[in-house]
Amino acid sequence: MTGKLILYLQYPFVRYALIVGILIALCSSLLGVTLVLKRFSFIGDGLSHVAFGAIAISTVFNLSDNMIIVLPVTIISAILLLRTGKNAKIKGDATIAMISVASLAFGYLIMNVFSTSSNLTGDVCSTLFGSTSILTLTITEVWLCIILSVTVIITFVLLYNKIFAVTFDENFAKSTGSNTDLYNLIIAVIIAIIIVLAMNLVGSLLISALIIFPALSSMRLFRSFKMVTICSATLSVICAFTGIIISILAGTPVGSTIVAINAAVFIICYLFELIKGGIGI
Amino acid sequence: MALLTIKNLSLGYNSKKLIENLNFTVGKGDYLCIVGENGSGKTTLIKTLLNLNTPVSGQILTGEGLKRNEIGYLPQQTDIQRDFPATVYEIVLSGCQGRCGFRPFYNKEDKHLAAKNLELLGISDLSNCCYRELSGGQQQRVLLARALCATKKLLILDEPVAGLDPKATEEMYNIVSKLNKNKIAIIMISHDIDNAISYASHILHIGNKVFFGSKDKYIKSNTGKLFLMKQRGA
């Protein structure tokens with residue numbers, strides 16, 4: 001087993017996959033805590049479906065680099081979704097549901113009507129559930145991912161205190177002069193970037209899991225915002241690393257393996273909390 | 001010059017006007033209670049004072065060196081906060097956010113201020129506790145300590161005793177009145193008219209009839225007599 005692993009690690013594509021996977025896992029877990037607490041858990045889901053629609057369009061136009069369309073479209077949708085959260089005529093969750101199913105339907109429709117690919121079902125399936133594309137990353141894609149991830153992490157660290165204040169009590173933050181609209185906008189943009197990045201790893205149907213599970217698991221274990229954030233990042237990285245290794249060794253699909261591990265970790269954390277509460281430590 | 005001067009202020013949602021041509025002032029060391037029926041616009045009024053809502057018309061002027069973002073605010077609790085994983089210290093420190101501006105991290109002064117306010121409200125020993133595991137009264141103290149980090153002059157409290165047991169209610173009133181004696185002006189929304197009357201220096205009554213003036217005048221006024229009778233009878 002170890003021998004096989006060492007052998008695999010000598011291939012650059014395996015190393016790329018690990019680097020990219022770990023970075024994506026780290027980024028996606030950071031904002032998870034905020035999204036869960038703000039009751040925006042479904043945003044990841046909605047946005048990833050929008051991204052799916054955008055990918056469909058760029059496939060039809062035969063764009064070699066679909067980031068050009070996918071990233072801006074997702075960012076704009078993220079901003080719109082977070083904005084309408086507050087005082088829209090159609091409430092936040094309904095808007096998300098609406099946009100997400102609509103773009104899913106249009107995406108598949110467009111792909112079906114215009115696609116030139118011989119393996120349409122395979123294409124759709126790999127966009128939805130994550131493909132082996134994480135194992136076929138080019139060096140340019142790896143660098144792009146590294147740059148975006150580092151930007152996300154630096155922004156998060158610099159805005160950590162503001163994000164805390166805005167998440168805990170937006171009204172208070174606003175009344176004491178924080179520019180809450182700006183921070184919400186930045187949060188929206190970061191989410192969009194993370195989602196586009198994470199589509200490579202787990203596919204658009206499973207992205208929410210990557211954002212939500214680490215946050216929920218660590219909220220079972222810790223009681224301070226800082227510890228919850230740190231623990232969530234750590235858990236996410238560990239799950240992604242194990243997931244990628246297992247999927248390489250056992251030949252399972254990358255995305256669903258990672259998500260399954262995340263779910264298992266959540267159950268363990270949940271049980272841990274129950275037991276701890278039960279015997280009253 | 002008063003801390004706050006409200007001139008001809010009109011408030012409302014969409015096209016419906018809630019309050020029209022409101023005038024009042026809050027001076028240094030005042031203790032103003034806002035009373036009135038449910039739905040008369042009390043919360044809307046303080047949200048406007050805090051810059052969270054825009055008024056339909058009128059002016060809100062500040063004086064005595066008070067800036068609009070230096071008003072401490074104790075909001076009603078939200079659902080999000082009830083299961084928020086954060087320590088007392090993290091929350092109190094977040095009250096310094098307004099002082100930070102674009103500075104990303106808290107400095108020594110901020111931390112010192114947070115520690116001082118924890119001490120002032122007698123919750124220093126709770127500073128590493130998780131907010132969601134505290135009692136209602138303790139949670140209110142935490143939020144009050146946070147509000148104090150944001151201001152030196154004026155506190156706005158939105159029903160600070162809602163949902164508290166009698167002992168915690170009394171403690172809350174004592175704390176607020178202690179802060180008021182330390183020269184911090186108080187604006188408080190209260191449903192508890194008897195306590196409002198016993199602690200406040202001024203009363204603002206909004207609703208069909210508007211009254212603003214000292215507590216003694218309010219008790220003698222027709223608006224006051226009627227409202228007091230109704231509240232006590234209910």
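In the predicted model, 47% of the 281 residues of chain A are buried (20 or more other C-beta atoms within 10 Å of the residue's own, C-beta atoms being placed from the backbone; 12 or fewer is exposed, and partly exposed lies in between). Local features required pLDDT of at least 70 and side-chain atom pairs pLDDT 80 or more, whereas totals for chains, interfaces and linings use all residues. Residues are numbered from 1 along each chain as its sequence is written, with chains lettered from A and ligands numbered from 1 in the order written.

Chain A has 13 helices and zero strands (DSSP runs numbered from the N terminus: H or I of at least four residues for helices, E of at least two for strands). Of its contacts (C-beta atoms, placed from the backbone, within 7 Å) with a separation of 6 or more, 74% join residues 24 or more positions apart.

Chain A meets chain B through 25 residues of chain A and 23 residues of chain B. On chain B, strand E5 (71–74) and helices H2 (79–82), H3 (88–93) and H4 (97–100) each supply at least two residues. This side of chain B has 15 nonpolar, seven polar and one charged residues (nonpolar: Ala, Val, Leu, Ile, Met, Phe, Trp, Tyr, Cys and Pro; charged: Asp, Glu, Lys and Arg; polar: the others, Gly among them).

Helix H1 of chain B spans residues 42–49, and six of its eight residues are buried. These are B:Lys42, B:Leu45, B:Ile46, B:Lys47, B:Thr48 and B:Leu49. Their cover includes strands E1 (4–13), E2 (16–26), E3 (31–35), E4 (57–62), E6 (154–158) and E7 (185–189) of chain B. B:Asn51 follows H1(B) and has a positive phi, near 75 degrees.

Key:
Contact = placed C-beta atoms within 7 Å.
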